[in-house]
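Dear colleague,

Please find below the structure that I am handing over to you. A short account of the findings follows it.

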Amino acid sequence: MKNLPIIDVIIILLYLAGMVGVGVYFSRKNSRESSNNAEQFTTASGQIPGWAIGMSIYATFLSSNTFLGVPGKAFGSNWNSFVFSLSMPLAAWVATKFFIPFYRNTGEVSAYTNLENRFGPWARTYAVVCFLLTQLARMGSIFFGIALSLQALTGYPMATIMVVVGICIILYTVLGGMEAVIWTEVVQGVIKTAGAVIILWLVVDGMSGGVGKIIDIGQADNKFSLGSYAPDFTQPTFWVVLLYGFFMNLNNFGMDQNYVQRYHTTTSIKEAAKSVWLCVYLYVPISLIFFVLGSCLYAYYQSNPELLEAVKMQAATDRLPGGTQEAIKQLAATLKPSDFGDKVMPHFMVTKVPAGLLGLIVAAILSAAMSTISSGMNASATVFSVDIYQRYFKSNLTGQQSLRLLYIATTVFGLMGMVTGIAMIGVKSILDVWWVLSGIFAGGMLGLFLLGIISRQTRNAEALTATMIGLLVILWMTFSAQLPESYAYLRSAFHPNMIIVVGTLTIFLVGVLLTKIRRKTPEKAEKQPVA
């Protein structure tokens, strides 16, 4: 490898081999116990302890986008995005109070089967398509992000990195099923947390003036702010991010198959609820560490201007490929911290992290990506098997046929995610596109789901009408900014983070209103005089 010492290469290869070894172990264990069936593959036969599920959910939340993107965000702005984490306890309370008992009592491993029972096949199909598309986009963006980071550290082509990492993930996910996914995520959760703490310690230890200097620089440049508390929904204020976080976490805990599937892997409702709360107790403080890390990196680079200039030049070079040295220097002089924040931590790792520790940190970044991708592959395969193949093609599959289908689907979705990531090479705004798409899909799914479980009198016609109206509102809020100046009055004034909030409320409230109108109509008809 280009920049990594041999000891770091060995650590990374041992980590990858260990993950595949976990898959092989559980594959043999399942065969010995004669439990190598579809239920074991999707829910681990409901025998996983709650603490392991909590670690698994935490590892899925803490993706490589968080590991690499949050410090860059804090470096370039402030702690406004941390409000997303602060919204988790309320969403977790709703999930443990209503969602987990609902799913456990229905016994359905798919999060979307109930939608067909409530509103018909269209609702289930709509939610499944939205979920699979978002999972494909998510896996692709994480493949892309991990390759973008490791390319700077190793010098290998991005496509090569994605293929190597992707094959390892596919192997242990297919071989070991959900049980392997969960236990590898337990390990990965520990590794990625340790990696963040090690980088933070290295930054603080190398900072002239220590913690006091970091605080002084951060306060001077307003780096610790959670955002404005004004009731303004056109800017990313505290309240906008809080609402966005609550609705997005509500979607994660209530509609995302990645999490719903885990509720069935525990021994009881109580254990499932404990797993969600363990995730919250871990994620909120650990996510704060990543914001602290971003602020520490900001102070460190402000105190070392020669390093800051090197990062600016690197960012400018990426923006002007093939540009002259003078043009690159001119562009670098105009860049703000928000323009190159995501490049700071990889630069620090390459230049300041000692041999041995760098391999562990790269393993942490890999684990952050692998945990999210593996759970996405397993969940996508489960949804495809239950909600598409067995629903529309062949419902009476034998246990062996179901397991073979899950193997094939897991492999195919892993390869599709890998190909999507490779296709994203050269696309600079892919993460922005991912957030836009997730807002569109999540808002529609969550609104329909809440309508189904809260408004018990709502029928198919009202739900379909409300969903169509809600989708129109979501699309308008998403794309109205592209309208020409002559139609500027038709643009949405809301901040993009409000898309999922307004979209969800629109579907739910319109559905409830239409239900009340329908229920009142017969009463009025009965009062009409008979001719």
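Residues 24 or more positions apart make up 85% of the chain's contacts with a separation of 6 or more, a contact being heavy atoms within 4.5 Å. The model is a predicted one, in which local features need pLDDT of at least 70 and side-chain atom pairs count only at pLDDT 80 or more, while totals for chains, interfaces and linings use all residues. Residues are numbered from 1 along each chain as its sequence is written, and side-chain values use heavy atoms, with hydrogens and water left out.

The chain has 22 helices and zero strands; these are DSSP runs numbered from the N terminus (helices H or I, at least four residues; strands E, at least two). Of its 531 residues, 55% count as buried, that is, under 20% relative accessible area, with exposed meaning over 50% and partly exposed in between (1.4 Å probe, protein chains only).

Helix 14 spans residues 305-319. Its 15 residues reach 21 Å from first to last C-alpha, close to the 21 Å expected at 1.5 Å a residue, where the expected span is 1.5 Å times one less than the number of residues. Among the buried residues of helix 14 are L307, V311 and K312.

V163 lies in helix 9 and is partly exposed, at a relative accessible area of 33%.

With kind regards
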